[in-house]
Amino acid sequence: MLNKIEHQGYGEAEVQDLKSEVIYRKKLQEIGNKINAAKNLDEILITLKDHILSLFEADRITIYVVDGKRRELVSRFKSGDEIAEIRVPISTSSVAGCSAFKQKLLNIKNVYDQGELAAIDPDLKFDSSWDKKTGFITRQVLVAPITFQNFLLGALQLINRKDGTAFTEMDEQSIRELADILGIALYNQRRMARARPTKFDYLLKQSLLTKKELDKAIAASRAQKEPIEEILIRDLKISKKDIGRSLSDFYRVPFVEYDPKAQIPGQLLVGLKVPFLRKNTWVPLREENGKIVIAIDNPDDLQRIDMIKSLFARKPLTFVVALKKDIQDFIRLFTHDEKAMAEIDEILSQLQEEAEEIEDAEASVGEEDSAVVQLVNKIILDAYERGASDIHIEPYPGKEPTRVRIRVDGACQVYQTIPYNYRNAVASRIKIMCDLDIAERRKPQDGKIRFRKYGGKDIELRVATVPTQGGVEDIVMRILHTGEPIPLDKIGFSKKNYENFLTCITQPYGIIFVCGPTGSGKTTTLHSALSYINKPETKIWTAEDPVEITQKGLRQVQVRPKIGFDFAAAMRSFLRADPDVIMVGEMRDKETTQIGIEASLTGHLVFSTLHTNSAPESITRLLDMGMDPFNFADAVLCILAQRLVRTLCKDCKQAYHPSKEEYEELVREYGRESFHKNLNIPYSKDLTLFKPNGCQICGNTGYRGRMGIHELLMGTDEIKRLIQSSARMEEIREQAIKDGMTTLKQDGIEKILAGYCDLIQVRKVCIR
């Protein structure tokens, strides 16, 4: 085209003008083509802003759209950040409004020339307050209405030519063409918006979000290159649950939030590479009702869906929608991103590549870099980081996968599954770590793992293997959390129990028992008590199996029953080592108990634990063991029964006003007479309780952490007389309540009313 112009006989100046016009038209055509081809108008305008300004040699551009309800033009897209939004009436009172009102192009050389404005319309004025607000001085304005089939859709406005001259006739022609192109684009977008639902229709319908806020969030998402969902959550404070409901409605599939306690789907990760999952934003979650559940951020992406189906050939799939960030968090949780650890997909892929089932696994577990070694290390590290107290390895006969469960806050949850043909290899590896006989699979075995030499972290585990049906072995590993004792005032004592317990542990001699089932926090409470009285002038000896909590200033001994060094032997040696205080891990037999009582009568303060259900029951248990009632009565200071109850998550627990029936149930469980005597909390409209709700922090359970509930029986004169007469447990219990003892359930109900827990959890740990 340019070559043809040069040969038409035009003068040099004319040739240059024609060339400039051709280039100008070409640029305009390119802009128009890109707008016509764009799927998203806002996105393409951001991209083309500089191109449009360059074409017209203008400083600023504003594209207005019609707000039909308010009969205004509102800025949908603009350059310049001084003002967030511009609104002008569709009338002759403003330049852009006048152009839209008359549906006429306006080319103004100087907006401050009132004569020029009056020539267009007597009412037309320029609002100079915009310039005062922004500091930007407006001079030339070129504005054209945006219409489609005589329908007014908006206005296109250009401000100030860079050379200070008026906009040209070519500019006028070009802005008309560009306005026509934008008219078609805006019309099509509106038509499609009416016909097609969007991901956030639920939020708009529920008035959780306005269209203006959504458009702003879309623009911010593109500018910051962040998912729009993250913008809505962070900047507009829309809850993840509401966004999930909106996505679920749009995609017609369930929504899934990230759960830090989710089961690791070991078998489903075999052969999948982590970078591949991250890049494509999807992850298998679990197998449910014979189908594999896949989380993906866009269940309508057919290309990705087909790719996923090809990876799980012949297996039925079901899809759920999740946020991109949550999917990445699931991938990180499932693969344990640590440089020192192989990722789970690589570990399980190595396992899968083995040709045949490993029956004699010794050869597979000797190498430190083997897949089985890495898998066992990962299980232990993950359980430790999730705050688990126990790890359960549960194999099944046949070709069923091995299930791994962990106990967190007293409740078991599935952690992952392991291919069935590696159950023996995993069992053998754990046995090697705790020096057990890997050839012996018929008898139970016990051992310990000091994990520091295998995985770096200072973790100690107590291991028990148990042969189960089908010729397989269950393995349970108790994680012994070494560390500092909890301060006594943080244990969860009520004010009365705390003061009474302090009175007992600061006595110069006597015996104190803490009773409860395994895992009820007895040792933790004893160490907290020892920490309170641990002073340089006090010599404290402890005999434990194992030593779980270490304290500076205590002389702590690990008993070894296999070589004859049991609790009784340890206590006899302590009495020759000038003690002030002795703590014995457990009174398991008559000899140990008798030595403890004798030590308390000869000027020593003795602490120990018992496996009994309640404080009054402990007295009858000790008498049944053959203790002298008079010596025992003289020695006992107090008996503390304890349980651990799951507490409500502080971040999401929900306050509510209980019904009269619920209040009466609490009164009945506490004991009506005792309730009105001890608490005297009437039913009123101000009464508030709390219930679980569920959030990401607590893994959507509604519960996080545990606290103690206590039953403290004091060794009063009346209790001592009943012990001397070998009274029945019911009589001791009645007298203890008269003396002011609150039962386990009563203490639990007091903590319910204080907002720490609920009745369901209290009932789970105590009966009366």
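A side-chain oxygen of Ser614 comes to within 3.4 Å of the backbone nitrogen of Glu617 at the start of helix H23 (residues 615-624). Helices here are DSSP runs of H or I with at least four residues, strands are runs of E with at least two, and both are numbered from the N terminus. The model is predicted: local features need pLDDT of at least 70, side-chain atom pairs count only at pLDDT 80 or more, and totals for chains, interfaces and linings use all residues. Residues are numbered from 1 along each chain as its sequence is written, and side-chain values use heavy atoms, with hydrogens and water left out.

H23 is largely enclosed by the rest of the structure, because seven of its 10 residues are buried (under 20% relative accessible area, with a 1.4 Å probe and protein chains only). The buried residues are Ala615, Pro616, Ser618, Ile619, Thr620, Leu622 and Leu623. Just after H23, Gly626 has a positive phi of about 105 degrees.

Elsewhere in the chain, strand S8 (residues 291-296) runs parallel to S9, and five bridges join them; DSSP must find at least two bridges for two strands to pair. Ile296 has Val321 in S9 as its bridge partner. From S8 the chain passes through helix H13 (residues 302-311) to S9 in a right-handed β-α-β crossover, meaning that, with the strands pointing away from the viewer, the path from the first strand over the helix to the second runs clockwise. Four of the five residues of S9 (residues 317-321) are buried.

Leu285 lies in strand S7 (residues 282-288) and counts as buried because its relative accessibility is 6%. Beyond its neighbours within four places in sequence, Leu285 has contacts (heavy atoms within 4.5 Å) that include Val293, Ala295 and Val320.

Conventions. Buried < 20%, exposed > 50% of the residue type's maximum accessible area, 1.4 Å probe, protein only. Polar contact = N/O pair within 3.5 Å; in protein donor to acceptor, adjacent residues only side chain to side chain.
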